[in-house]
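Please look over the sequence and the structure first, and then read the notes grouped by topic below.

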Amino acid sequence: MAAPVDLELKKAFTELQAKVIDTQQKVKLADLQIEQLNRTKKHAHLTDTEIMTLADETRMYEGVGRIRESRTWSGV
């Protein structure tokens, strides 16, 4: 009688281990995505800060399809 119970416990434990490993992988993936988004956010903030310091007459380029159009900062 002890053998069937042991097999059931072993099976349940194995399934639980598989779920734990799967969950850990999902958490690592989510952490990597959060880290990447934080880097992107920081880069965008720094870029915005630098652009705001430019004079209105500064020439800038804006992507329009495959070409870049030159405009003054106030026109962008």
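R39 counts as partly exposed, at 44% relative accessibility, where partly exposed lies between buried, under 20% relative accessible area, and exposed, over 50% (1.4 Å probe, protein chains only). This is a predicted model, in which local features need pLDDT of at least 70 and side-chain atom pairs count only at pLDDT 80 or more, while totals for chains, interfaces and linings use all residues. Residues are numbered from 1 along each chain as its sequence is written, and side-chain values use heavy atoms, with hydrogens and water left out.

**Salt bridges**

- The count comes to 2 salt bridges, a salt bridge being a side-chain nitrogen of Lys or Arg within 4 Å of a carboxyl oxygen of Asp or Glu.
- R39 pairs with E35 in one of them, at 2.8 Å from N to O, and E35 is partly exposed as well, with a relative accessible area of 43%.
- R39 and E35 stand 4 residues apart in helix α1, and they are therefore separated by about one helical turn.
- K26 forms a salt bridge with D22, with 3.4 Å between the closest N and O atoms, and because these two are 4 residues apart in helix α1, about one helical turn separates them.
- K26 is exposed, with a relative accessible area of 54%, whereas D22 counts as partly exposed at 34%.

**Secondary structure and surface**

- The protein chain has 1 helix and 2 strands, in the order α-β-β along the sequence; helices (H or I, at least four residues) and strands (E, at least two) are DSSP runs, numbered from the N terminus.
- Of the 76 residues of the protein chain, 3% count as buried.
- The protein chain exposes about 7,200 Å², of which carbon and sulfur atoms supply 61%, as computed by the Shrake-Rupley method with a 1.4 Å probe.

**Confidence**

- The average pLDDT of the protein chain is 86, and 86% of the residues score at least 70, where pLDDT is the predictor's confidence in each residue, from 0 to 100.
- Confidence is highest in helix α1 (residues 2–52), at a mean of 93, and lowest in strand β2 (residues 67–72), at 69.
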